[in-house]
Amino acid sequence: DGEILSLIGPNGAGKSTLLQTLAALVRPSRGEVCFRGLKIGSDIPLLSYRRRLAMVLREPLLFDTTVYHNVASGLKLRGMRGKEIQPIVGRALERFGIAHLKDRSARTLSGGEARRVSIARAFATDPEVLLLDEPFSALDPIIRESLMEDLEQVLRETRITTIFVTHDRMEAFRLAGRIGVMKAGEILQTGSPDEVMNHPANEFVASLVG
């Protein structure tokens, strides 16, 4: 609970596939995924599990509507009414500095703004687990740094259990309390940033973390 775990590794290591498997979007070829000790799909229904997590994909997938209605969409799917939704969405918009964009069409947003809307939508549902697939990729350095600062602060405030994928070791060392190093679909080492940096399990891990 409350841990931030980062999965790092080169392209093709299986990071995003693992994240999609944890989100129950990809069925594992073997083994099982458990949530709080319950096997997903048998002990806990798939839909019930999915409603307790939120996932932000690498490319923001926004509806063709306003920023406000995009951030509210997850709450509407859960059957909440407008009066209940409004303060929750307002708080999410404020947290990520996009309150001034609430009436803007999602089609008119820049890449950084769209990424903020996508992350705000995930936080608005108050998930027990947050899954982030390269949340800072393809952003200009200044925009990337600003979003990282905001996300870091919100994660500290909310203490939502988070797993995020990145190929940037500095992002992982900055945000995560634990790091998992992947290669060819296998986790080679897990540990604190200090452990992984100073006591790499093998030569590959050493070269990846510098």
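This is a predicted model: local features need pLDDT of at least 70, side-chain atom pairs count only at pLDDT 80 or more; totals for chains, interfaces and linings use all residues.
## Ground rules

Residue numbers start from 1 along each chain as its sequence is written, and side-chain values use heavy atoms, with hydrogens and water left out.

## H3 in its surroundings

H3 (residues 67-77) is a DSSP run, as are the other elements here (helices of at least four residues, strands of at least two, numbered from the N terminus). Eight of its 11 residues are buried, so H3 is largely enclosed by the rest of the structure; buried means under 20% relative accessible area with a 1.4 Å probe, protein chains only. Among them are Tyr68, Ala72 and Gly74. These buried residues pack against helix H4 (82-95) and H5, with contact meaning heavy atoms within 4.5 Å.

Just past the end of H3, Gly79 has a positive phi of about 85°.

## H3 meets H5

From H3, Val67, Asn70, Val71, Ser73 and Leu75 touch Val117, Ala120, Arg121 and Ala124 of H5. That contact splits into six nonpolar, two polar and one charged residue (Ala, Val, Leu, Ile, Met, Phe, Trp, Tyr, Cys and Pro are nonpolar; Asp, Glu, Lys and Arg charged; the others, Gly among them, polar).

## The lining of the largest pocket

H3 and H5 turn up again here: each supplies at least two residues of the lining, as do helix H2 (46-50) and strand E4 (53-56). E4 gives the largest share, four residues. By class, the lining has 13 nonpolar, four polar and five charged residues.

Key. Axes are lines fitted to C-alpha atoms, for helices over the stretch in contact, and angles run from 0 to 180 degrees between N-to-C directions. Buried means under 20% relative accessible area, exposed over 50%, partly exposed in between (1.4 Å probe, protein chains only).
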